[in-house]
Structures are given as C-alpha cells and as structure tokens.
Amino acid sequence: MGVCYMRLANVDAALPIFDSLLLANPDFTEAAANRKGALMLQCSLLSDEANKQFRAGDYTGAMVTYKKINMAAANEELQFQVLNNQGAIAMEQRDPTTACDYFKQALAVKPDKVDTIHNLATGLKGIGKFAEALTYFDKCVAEQPEFYSALCGRIEVLNSLSRFAEAVEAANAAIKIKPDEFRAYADRGFSNLKQQKVDEAIVDFEMAMEHGSRSSADLMKVYALAVSLKGDKLLNSQQFAEAASTYEKALSIASSEEPPAPMLFNYSLSLLHSGRKEEAMVNMKHTVEIAPNFFNAWAAMGLSYLQDQKYESCIEALTQAIRIKPDEVEVQYHLGVAYLKSNKLVDAVEQFRGCLRVKPDHEAAQKALAAVEASIAYANRDTTPPPPPPGPPVISKRASFDEVAAATPDPPPPVVENTAEEEQLQADFTNLDIVETNLMAETKKMRTQTADAETIHDDDINAAMNGQGEAFVTMEFPLEQLTYPGPYPKGCRVERREQYLPDDLFLEMFKMTKDEFYLMRKWRQMAKKKECGMW
C-alpha cells in the first residue's frame, strides 16, 4: 500500500504506513528502504514546488517551501541545489548577509561549483567585504577565464579597493570577451572617472548606454555627473561658454526637476561669466530652491545684485548667506556696502564691525567703517547757531560817533561748511565702489570651492555601480525559455544556459551527459552548442 501511494506521489499517505511497519518490525529492511525513498521523493517534490514558485517570482513562497525540505533526507545534489537557490532568493530580497551563509553551506557540500563561488563573491561584495570577494572572483576567473559576470564583479571589487588601474585592465579583458555588453564599459567608466580621466569616462558611459543600459537611471545619473566634471574643468580654465554648453548637456542627461545643486550652481556661474546674467540668476534662484542652505549660491546672487545696484535684493540674498555662514568676512563686508548704498548707515556699521571682529586687518572694511562713522559723526555735528548779541547799549545823546562804534559789537562770522571734510568722505565712498564691483574675483573663489566634485559625486557613482550582477540559481528551465535571443529566466547564466536544461533533454540534444560535455575542450563545447541551437 505504501509503495502504491509513492507511485501516486502521495508521500503524506505513504510515510505513516512505512512508519507503522517499522514500529512493528524495526528490522524490516524493505520498509526502511521504502521510507527513505519516500522522504527523498518528498524532498524532490518540495524542491520542484519551490523552483516553480521561484520561476514565478514568488520568492517569499519559494523560501518557505525550501525550508520545509528535510535536508538530512536529501542527497548531496538536492542539498546543494536547495542551499544555492535559497542564497539566490536572499540576494533577490536584498539580504546579502543571509545569502552568503547559504552559499557557504552550499559550497561545503560541493566546493567546486563555480556559479556558487561567483554567487558568494557577489554577496560578499554586497556587504562590503571586498578583499574576500576578490579572492572568490579570482577563483571563478581562474577556473573559467571567460566568465563575464565574474570578470565584471572582479572589476567592481577592484574599484571598491581603489585599485583603479587594475580595474581598467580587467575591464579591457571583459570587453574583449563581450564587446556588446554594457556592464564592463560602465565599470571601466567608473575606474576612469576616479582617476580623473573624465573624457575617457564619458566615452565609456556612452558605450554602456549604446549597448543596453540606457534605461538604468543610476548609470544615467553617473554619466551626467561625469559630464558635469568636464564642465568643472572648463569653468576652472575660464572657458565659460564651453563650460555652459557642457553643463547644459549634463543637466539634460540628468533630466530631473531637482538636478544636483553643485552642478546647477556651476552652470549658473558659467552663464554669469559668459555674459548671460539673466539666465544665470534664474538658475541660481533654482539652486537655492533645491538647496536652501547653499551658501555660495546666495553669496553669488548677492554680489550680482550689488553690481547691478539692486541693493534691496542684494541685502536679502547676502543676509541668507550670512545666516548659513555667520563669520564669512567678504559676505559681511559686501552686505555692509549694500546697506551703505541704501543709506542704512547704522546697519552698515554693524556689518563692517562684524567683518573686523573676524578679520581685524581687513583693509577695505577698515576704510569703509572709518568713512561711515565719519559720515555719521558729520551728520550729527552741532549746527546750533551762536546766541544773538545783547541789545544795543544805552548811549547818551551827546556821545560821539567813535563812542557809538566802540560800544556796538561786531556781527558773528557766517557759518561756513567744512568742504574739505565733505570731499574726504566722498573720496572714501568712491574707494568703496572699487572694492564692491570686483564680482569676477569673488565668484571665482566660490567656483573653486564647488568645482572639486570628486567627493560630491562618490556616493552617486558607488550607488550606480553597486548591485550589478545577480546570483545564479541551480534549477531546470524549459527549452523555450533558454532559446536565443531570450529573454532568459531570472538567475540564469546566459553564456552557459544549456546547464539549465533537464538532464534527459540535455542527453537527447547533446548525445552526452552534462558532466561529459563540460570535460570537453572549450572550442568543442562552442561547436556543440551551435549545433544544438544553444549559442
């Protein structure tokens, strides 16, 4: 009866029968063998169910089903398959730490499985264990020199270890193997970018997009940043028109309502120095909308308004800049000038004094403060006229003319304005104009601070490169899903997709087992795959 249930694949009904027989007779070897076979069949059925769930994208359901498998009852082949596939599911669920545990267990069962070695290396890369990951990627490449995914994983780990020259060499090797695949181009672009080879990086990213990764938002973002770095170089060399057009290209690639603020600010500066001030101001305003605490944008706007004699707008912008960096002396000084031009002398004095508290030897602030304080003192001088003379003296009727003249005081002298002091004040204000209008020099300082984009862009570049590559599964797929040109199943290693054929179908197509096939020379394998339509 138990055997009949097994033939019907009803393991749940067969097992209690065998258990009862063994309970009655522990030495019943046939019942023991049948029970072992029933457990193995149960493992196989559960594995098939889990594989089906995996192929359907139900990773949670597949993981639950895999965990139901009695690993002690499974043979080595099934144990390995289950552990490897559990690791692949953990990778899909963004849990590389758990994935690595599964892959290590799978390799403990079958240490020489190259796909699983690759999977472990990919998981280690995902948790930042780059040196260990490199060791496993090296094992993959040593065993299979044309293992493209392992080559690319190796490139990415070398990049993470800052071994960029080696990464470029590895990328060159990968591109020779698969010149029409995007990943090695993207990886090489990252290596070149980190070595400040911006033009080479741009070419690599363009090649990556040409070969299939145009839809990758992360890669498009890195490509935009690479182009913006080229703009930074042009801006630093004062090629303003060329820088502006380069930033326009970078912004169009980024195609975002909120582009990176440093990129947009540098674009604004290039427009400003190209004579396109109106456009520059529009983009600077957009910059502070995106990044309200972007000091340089507020400061540059304020200086531009000051040059255009838009003093109220200048005061508003520079006040925002001072809010962000209260001790920035040049901004304090120019804010004082704006107050002075607006005839807000008390506010001007406050800013000039603040500037001198931070930098006592600031010559322009010293002159400005002295001039404003002198102007305030002059305006507050005592202009009260002298008291009128006493009334006419009483003179006798018989007094002579000389006696009358001697008794009458002289009239007070007329009040004369201090024209020399006024001229000095005017000269001091003229000197302030000379300092105030040096917009180019001040914005050049800001450009130098912002254009060092390497550290700004690191996180974006790393985000684009992380997660490249997937874990390969150990399961069978139907022939129609493995036939060129795809699309191929998730977790399938495309260049060796024949290994996912069911064993009986593989034997029928290739006239040999999989083990016999992989013992052949590489060129014979290629010829056989072409013959069987698997190339």
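The following legends describe several close-up views of a predicted model.

Residues are numbered from 1 along each chain as its sequence is written, and side-chain values use heavy atoms, with hydrogens and water left out. Because the model is predicted, local features need a pLDDT of at least 70 and side-chain atom pairs count only at pLDDT 80 or more, whereas totals for chains, interfaces and linings use all residues.

**Figure 1. The chain as a whole contains 29 helices and 0 strands.** Helices (H or I, at least four residues) and strands (E, at least two) are DSSP runs, numbered from the N terminus. Of the 535 residues in the chain, 45% are buried. A residue is called buried under 20% relative accessible area, exposed over 50%, and partly exposed in between, with a 1.4 Å probe and protein chains only. A contact means heavy atoms within 4.5 Å. Among the contacts in the chain with a separation of 6 or more, 53% join residues 24 or more positions apart.

**Figure 2. Helix H16 covers residues 277–290.** The expected span of a helix is 1.5 Å times one less than its number of residues. For the 14 residues of H16 this gives 20 Å, and the end C-alpha atoms are 20 Å apart, in agreement. Which residues of H16 are buried? They are Ala280, Met281, Asn283, Met284, Thr287 and Val288. These residues lie on the same side of H16, because they cover an arc of only 165 degrees around the axis; the arc is that of the directions from the helix axis to the C-beta atoms. The buried residues pack against helix H15 (261–273) and helix H17 (295–307). Glu278, Val282 and Glu289 are exposed, on the face turned away from the buried side of H16. Of these, valine 282 has a relative accessible area of 53%.

**Figure 3. Helix H15 is mostly covered.** In H15, 13 of its 13 residues are buried. From its first C-alpha to its last, H15 reaches 18 Å, close to the 18 Å expected at 1.5 Å a residue. Just after H15, glycine 275 takes a positive phi of about 85 degrees.

**Figure 4. Helix H18 (residues 311–324) packs its buried residues against H17 and helix H19 (329–341).** H18 has 14 residues and reaches 20 Å from its first C-alpha to its last, close to the expected 20 Å. Its buried residues are Tyr311, Cys314, Ile315, Ala317, Leu318, Ala321 and Ile322.

Figure 5. Most residues other than glycine have a negative phi. Arginine 94 counts as exposed, at 71% relative accessibility.

Figure 6. Leaving aside its neighbours within four places in sequence, glutamine 86 is in contact with Met63, Tyr66, Lys67 and Tyr102.

**Figure 7. The second largest pocket holds about 1,400 Å³ of space.** Of the 43 residues that line this pocket, the closest to its centre are Glu77, Lys113, Gln499, Lys514 and Tyr518. Among the elements that give two or more residues to the lining are helix H3 (29–55), helix H5 (76–92) and helix H7 (114–126). H3 gives the most, with 7 residues. The lining divides into 13 nonpolar, 11 polar and 19 charged residues. Here Ala, Val, Leu, Ile, Met, Phe, Trp, Tyr, Cys and Pro count as nonpolar, Asp, Glu, Lys and Arg as charged, and the others, Gly among them, as polar. On a 1 Å grid over the protein atoms alone, a pocket is an open set of points where a 1.4 Å probe fits, with protein on both sides within 12 Å along at least five of seven lines; lining residues have an atom within 4 Å of a point. Grid points are joined across faces, edges and corners, and the volume is the space filled by probe spheres set on the points.
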